[in-house]
Amino acid sequence: LGVSANKVFLGGYENAETTFRAIAAQRNLPNFQPAYMIRSGDFPTIETLGENGEVRRGSMSESSETAQLKSHGKTISVTRQILINDNLGVFTNMAAEAGRAVAVFENLAVWTVVNANPTLATAPSAAMFSTTYSNLTGSGTAISATSLGVGRAAMRIQKSLDGNVLNVNPRVLVVTAAKETIAEQVLSPLVIPEAPSNLTPASFRSLQLVVEPLLDGTSTTAWYLFGNPANGANIVYGYLSGEEAPRVRTNSPFNVDGLEFQILLDFYAAAIDYRFGYKNVGA
């Protein structure tokens, strides 16, 4: 029974629709102690050698943010009578729903970080999206070819710890449920704009559109651009190394005529950078 429940649970977990992996990078942790996410700077720029052939020494900058893995879980009891009378597959459905619930929890954890816009330790210390880091348009503009261009330019000119231009290429456009239709219209090559100046460049049409209703509770107008998380990410998430999936346990309690169905998950989500995302408060 436990093996069967585990298969159904993992099926529900893997098939659940989540959006956070499009913007966040996975970094598993070896234990539950606070982890320092170290970011190193660039290798020093090489220089032309002088007449004496001296090769001058250089250095690399570094900074860090803190993240910590947490354990999460839930137990549901199922009596022996329910198991015997389970003609409608209630237990099977419960296992699948539990899998989807874990996926929803992970998705919520990552987007909670986005909504919270936490303060980073990286100097000068400021919110992950802020005018201090030049990745926030606080005045707010609607999604259009022009406003997307402003966001793309802001990401392109972000600099590394050592001051080198990163040339970050936006790959994902994240919008609220309220702005899904307008985002589709702006990115679609089939929609004729009201004016030639509103024509969306072909490069923007390759943006992956992510619609996340979890953002609507904070703002129905805000929209975001993110780069490829494989190349760098503002937000990371992860599991305990070697335990990269939820665990399912079934137990027969001593004083209960039935089973306990237990879900366990070691998971975290944290903000570690600002260079690979852009926010516009929208209009």
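Okay, let's start with helix 4, residues 145–156, which lies across strand 5, strand 6 (170–175), strand 8 (223–227) and strand 12, running at about 40° to strand 8. For the angles, axes are lines fitted to C-alpha atoms, over the stretch in contact for helices, and the range is 0 to 180 degrees between N-to-C directions. Contact here means heavy atoms within 4.5 Å. Helices (H or I, at least four residues) and strands (E, at least two) are DSSP runs, numbered from the N terminus.

Quick housekeeping. This is a predicted model, where local features need pLDDT of at least 70 and side-chain atom pairs count only at pLDDT 80 or more, while totals for chains, interfaces and linings use all residues. Residues are numbered from 1 along each chain as its sequence is written, and side-chain values use heavy atoms, with hydrogens and water left out.

Back to helix 4. With 12 residues, helix 4 reaches 16 Å from its first C-alpha to its last, close to the 16 Å expected at 1.5 Å a residue; the expected span is 1.5 Å times one less than the number of residues. Ala145, Ser147, Leu148, Gly151, Ala154 and Met155 are buried in helix 4. By buried I mean under 20% relative accessible area, with exposed over 50% and partly exposed in between (1.4 Å probe, protein chains only). What covers those buried residues includes strand 6, helix 5, helix 6 (202–205), strand 8 and strand 12. As for helix 5, residues 180–187, that one lies across strand 6 and strand 7, at about 175° to strand 7.

Five strands form an open sheet in the order 5-12-8-6-7, with mixed pairing. Strand 5 (136–137) and strand 7 (208–211) are the edges, each with a single partner strand, so one side of each has no neighbour in the sheet. Two strands pair if DSSP finds at least two bridges between them. Strand 5 and strand 12 (residues 277–280) run parallel and are joined by two bridges; Leu136 has Lys279 as its bridge partner in strand 12.

Now the packing. Which residues touch the most other members of the largest nonpolar core? They're Ile23, Trp111, Val174, Tyr224 and Ile235, out of 38 residues. A nonpolar core is a set of buried Ala, Val, Leu, Ile, Met, Phe, Trp, Tyr and Cys residues joined through side-chain atoms within 4.5 Å. Helix 3 gives the most to this core, nine residues. Leaving aside neighbours within four places in sequence, Val174 is in contact with Ile23, Trp111, Val210, Leu215, Trp223, Tyr224 and Phe226. There's also a second, separate core of 16 residues, including Met155, Leu173, Val175 and Leu187.

Last bit, charges. Side chains of opposite charge can pair when their charged atoms come close. A salt bridge is a side-chain nitrogen of Lys or Arg within 4 Å of a carboxyl oxygen of Asp or Glu, and the count comes to five. One of them joins the side chains of Arg21 and Glu106, at 3.7 Å, N to O. Arg21 sits in the loop between helix 1 (2–15) and strand 1 (25–26) and Glu106 in helix 3 (residues 90–116), so the pair ties together parts 85 residues apart in sequence. Arg21 is partly exposed at 38% relative accessible area, whereas Glu106 is buried at 1%. Arg275 and Asp273 meet at 2.8 Å, N to O, and both are buried. Finally, Glu243, Arg247 and Asp266 are linked in a network of salt bridges.
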